[in-house]
Amino acid sequence: MSLDPKIAARLKRTQDGLVPAVVQQHDTGEVLMLAWMDDEALHRTLTTGRATYWSRSRGEYWIKGDTSGNVQWVRSVSLDCDGDTILLKVDQVGAACHTGDRTCFDAGVLDAVQGHAGEDVAARGGERS
């Protein structure tokens, strides 16, 4: 079996055939990690209930948790409006990051100017989108 052609037709891939997958804890909305999927990884994820990714560094598929025990049980899978990003909502068991941190974004928050709703962006030289 392979990925449903209707789903495959909606995907916009990188030059190497991959689509980024944002992984989020299903019940809290916490962003856990970013990984990469090709058609086969997405097919496996949709049909097994386990998050499966393509490892760019190892050049192979990996099922999250098979070696670490930190399994991602799939709760839902969505494509964004452009078909160039996948959103996986999962039930994460243990750490999501290979470093042992809960998320891959626990390494530190960067300093950034905080914006405010209703702020006149054009007056600061910025654009509205």
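Modeller: Two strands pair if DSSP finds at least two bridges between them, the helices (H or I, at least four residues) and strands (E, at least two) being DSSP runs that are numbered from the N terminus. This is a predicted model, in which local features need pLDDT of at least 70 and side-chain atom pairs count only at pLDDT 80 or more, whereas totals for chains, interfaces and linings use all residues. Residues are numbered from 1 along each chain as its sequence is written, and side-chain values use heavy atoms, with hydrogens and water left out.

Biologist: What makes strand 1 and strand 6 a pair, and how do they run?

Modeller: DSSP must find at least two bridges, and here 5 bridges join strand 1 to strand 6, so the two strands pair, and they run parallel. One of the residues involved is Val23, whose bridge partner in strand 6 is Leu88.

Biologist: How do you know that strand 1 is also joined to strand 2?

Modeller: Strand 1 (residues 19-25) and strand 2 have 6 bridges between them, and they run antiparallel; against the requirement of at least two, they therefore pair as well. Val22 has Leu34 as its bridge partner in strand 2, and in the hairpin of these two strands, with 5 residues between them, Gly29 takes a positive phi near 80 degrees.

Biologist: What is the pattern of helices and strands along the sequence?

Modeller: The chain holds 2 helices and 6 strands, which follow the pattern α-β-β-α-β-β-β-β when read along the sequence. The C-alpha trace spans about 55 × 35 × 30 Å along its principal axes.

Biologist: Why does Met37 count as buried?

Modeller: Buried means under 20% relative accessible area, exposed over 50%, and partly exposed in between (1.4 Å probe, protein chains only). The relative accessibility of Met37 is 0%, so this residue counts as buried. Met37 lies in strand 2, a strand that is mostly covered, with 5 of its 7 residues buried. Strand 1 is likewise mostly covered, 6 of its 7 residues being buried, and over the 129 residues of the chain 31% count as buried.

Biologist: Which residues is Met37 in contact with, leaving aside its neighbours within four places in sequence?

Modeller: Contact means heavy atoms within 4.5 Å, and with those neighbours left aside the partners of Met37 include Gly17, Val19, Leu42, Trp54, Ile86 and Leu88. The C-alpha atoms of Met37 and Pro20, which are 17 residues apart along the chain, are separated by 6.4 Å. For the chain, residues 24 or more positions apart account for 42% of the contacts with a separation of 6 or more.

Biologist: Why does Leu34 count as partly exposed?

Modeller: Leu34 is found in strand 2 (residues 31-37), and its relative accessibility is 47%, which lies in between the two cut-offs, so the label is partly exposed.

Biologist: Which residues does the UniProt annotation "binding site" cover?

Modeller: The annotation, from an unreviewed entry, covers Asp80, Asp82 and Asp84; UniProt positions are given in the numbering used here, feature names are shortened, and annotations may be inferred rather than shown by experiment. Asp82 has its place in the loop between strand 5 (72-79) and strand 6 (86-92), and Asp84 is found in that loop too.

Biologist: Why is Asp82 called partly exposed, and why is Asp84?

Modeller: Asp82 has a relative accessible area of 40% and is therefore partly exposed, and Asp84, at 32%, is partly exposed for that reason too. Leaving aside neighbours within four places in sequence, Asp82 is in contact with Arg10 and Lys12, while Asp84 is in contact with Lys12, Val19 and Pro20.

Biologist: What does UniProt list for residues 33-105?

Modeller: The unreviewed entry lists them as "domain: Phosphoribosyl-AMP cyclohydrolase". Over residues 33-105 the chain is 14% helix and 38% strand, and the end C-alpha atoms are 7 Å apart.

Biologist: Why is Asp101 partly exposed?

Modeller: Asp101, found in the segment after strand 6, has a relative accessible area of 33%, so it too is partly exposed. Apart from neighbours within four places in sequence, Asp101 is in contact with Ala95, Ala96 and Asp106.
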